[in-house]
Amino acid sequence: MNHNHYPQNLLYCASFDAVVGTERCRLYMLVSNSEQAAKYVWPTKTRKRTRYVVSRERLAGLQYSDEIEAVAHRYGYKDTYHHICEVLEGCKSLADVLIQTNALRWALTFLPQEGARTVSIGTKGLNIEGVPLGGCALYDAHMRVQSRPLRLMLEQMPRNVVARVSILGHRNARALKVSLGTHVHYVFDCYHGFTAFIPRGDER
């Protein structure tokens with residue numbers, strides 16, 4: 001697997017401790033803050049099911065799955081709570097579009113550092129604040145996101161890869177999802193944040 005497709009800083013949006021686990025020969029790491037989240041998946045030889053909470057300080061600077069798995073096993077403590085990434089996986093997609101990551105990276109040239117921006121998906125593809133980025137979708141959806149976390153996510157995009165961009169809906173809340181297969185990135189809407197997606201009783 002090409003490790004260059006992963007962000008150089010896997011913890012770019014980790015304000016909280018990360019969740020690291022293994023299941024069916026897959027290693028996963030889940031990270032988040034109040035505005036965005038990311039999930040990474042790697043192949044591993046470990047078949048058994050494990051799940052740990054690991055401090056971001058222990059994981060800082062790590063790039064490879066064997067290092068991450070070893071640190072989690074040595075320094076993590078067992079976890080049973082649902083992570084926001086796992087909650088979002090169960091949310092309905094309102095609209096989807098396939099788009100080249102080069103177009104997503106190009107959006108950095110006009111996105112400001114701060115302020116709210118409208119992201120929409122429709123028959124004319126992905127659109128950020130009136131600027132079309134390409135693609136075509138069967139359904140329409142839109143949401144408002146803060147520019148800063150959106151820029152931070154777009155900075156993690158690899159070059160020359162096809163991404164699936166979706167707008168997820170849950171009650172009145174929205175989340176922007178960018179999936180690249182081996183990793184998935186989310187940005188929450190600027191009105192509700194991530195708390196609107198968490199079922200009552202699961203908050204910690």
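## Overall size and fold

For a chain of 204 residues, a compact globule would have a radius of gyration near 17 Å, and the protein chain agrees because its own value is 17 Å. That radius is taken over C-alpha atoms, and the globule rule is 2.2 Å times the number of residues to the power 0.38. Along the principal axes, the C-alpha atoms fill a box of roughly 50 × 40 × 30 Å.

This is a predicted model, in which local features need pLDDT of at least 70 and side-chain atom pairs count only at pLDDT 80 or more, while totals for chains, interfaces and linings use all residues. Residues are numbered from 1 along each chain as its sequence is written, and side-chain values use heavy atoms, with hydrogens and water left out.

The protein chain has five helices and 13 strands. Both are DSSP runs numbered from the N terminus: helices are H or I with at least four residues, strands are E with at least two.

## Surface, burial and charge

Of the 204 residues, 49% are buried. Buried means under 20% relative accessible area, exposed means over 50%, and partly exposed lies in between (1.4 Å probe, protein chains only). The chain exposes about 10,600 Å², and carbon and sulfur atoms supply 48% of that area. Accessible areas come from the Shrake-Rupley method with a 1.4 Å probe; for residues, only the protein chains shown count as cover.

The chain carries 26 positive and 18 negative charges, and their mean positions are 4 Å apart. Lys and Arg count as positive, Asp and Glu as negative; His and the chain ends are not counted. Each charge is placed at NZ of Lys, CZ of Arg, CG of Asp or CD of Glu.

## Contacts and cores

Take the contacts between residues at least 6 apart in sequence: 65% of them join residues at least 24 apart. Contact means heavy atoms within 4.5 Å.

In soluble globular proteins, nonpolar side chains tend to be buried together. Here the largest nonpolar core has 50 residues. Such a core is a set of buried Ala, Val, Leu, Ile, Met, Phe, Trp, Tyr and Cys residues joined through side-chain atoms within 4.5 Å. Met29, Leu59 and Leu104 have the most contacts inside the largest core. Apart from that core lies another, of 19 residues, among them Ala37, Val41, Ile84 and Tyr186. Leaving out residues up to four places away in sequence, Leu104 touches Ile99, Leu126, Leu133, Leu154, Met157, Ala163, Val165 and Val178.

## Helix α5

Helix α5 spans residues 147–154, and six of its eight residues are buried, so the helix is largely enclosed by the rest of the structure. The buried ones are Ser147, Pro149, Leu150, Arg151, Met153 and Leu154.

Leu152 also belongs to helix α5. Leu152 counts as partly exposed because its relative accessibility is 23%. Beyond its neighbours within four places in sequence, Leu152 is in contact with Tyr12 and Gln36. Gly125 is 27 residues from Leu152 in sequence, and their C-alpha atoms are 22 Å apart.

## The loop between β1 and β2

Arg24 sits in the loop between β1 (18–23) and β2 (26–32). Cys25 is in the loop between β1 and β2 too. Phi is near 55° for Arg24, a positive value in a residue other than glycine. Cys25 also has a positive phi, near 65°, and is likewise not glycine.

Arg24 is exposed, at 71%. Cys25 is partly exposed, at 24%.

Tyr64 lies in the loop between α1 (56–59) and α2 (65–75). At 42% relative accessibility, Tyr64 is partly exposed. Trp42 is 22 residues away from Tyr64 along the chain, with 8.9 Å between their C-alpha atoms.

Tyr77 is part of strand β5. Tyr77 and His185 are 108 residues apart in sequence, and 25 Å apart in space from C-alpha to C-alpha. His82 lies in the loop between β5 (77–78) and α3 (84–89). His82 is exposed, with a relative accessible area of 52%. From His82 to Asn160 the separation is 78 residues in sequence and 33 Å from C-alpha to C-alpha.
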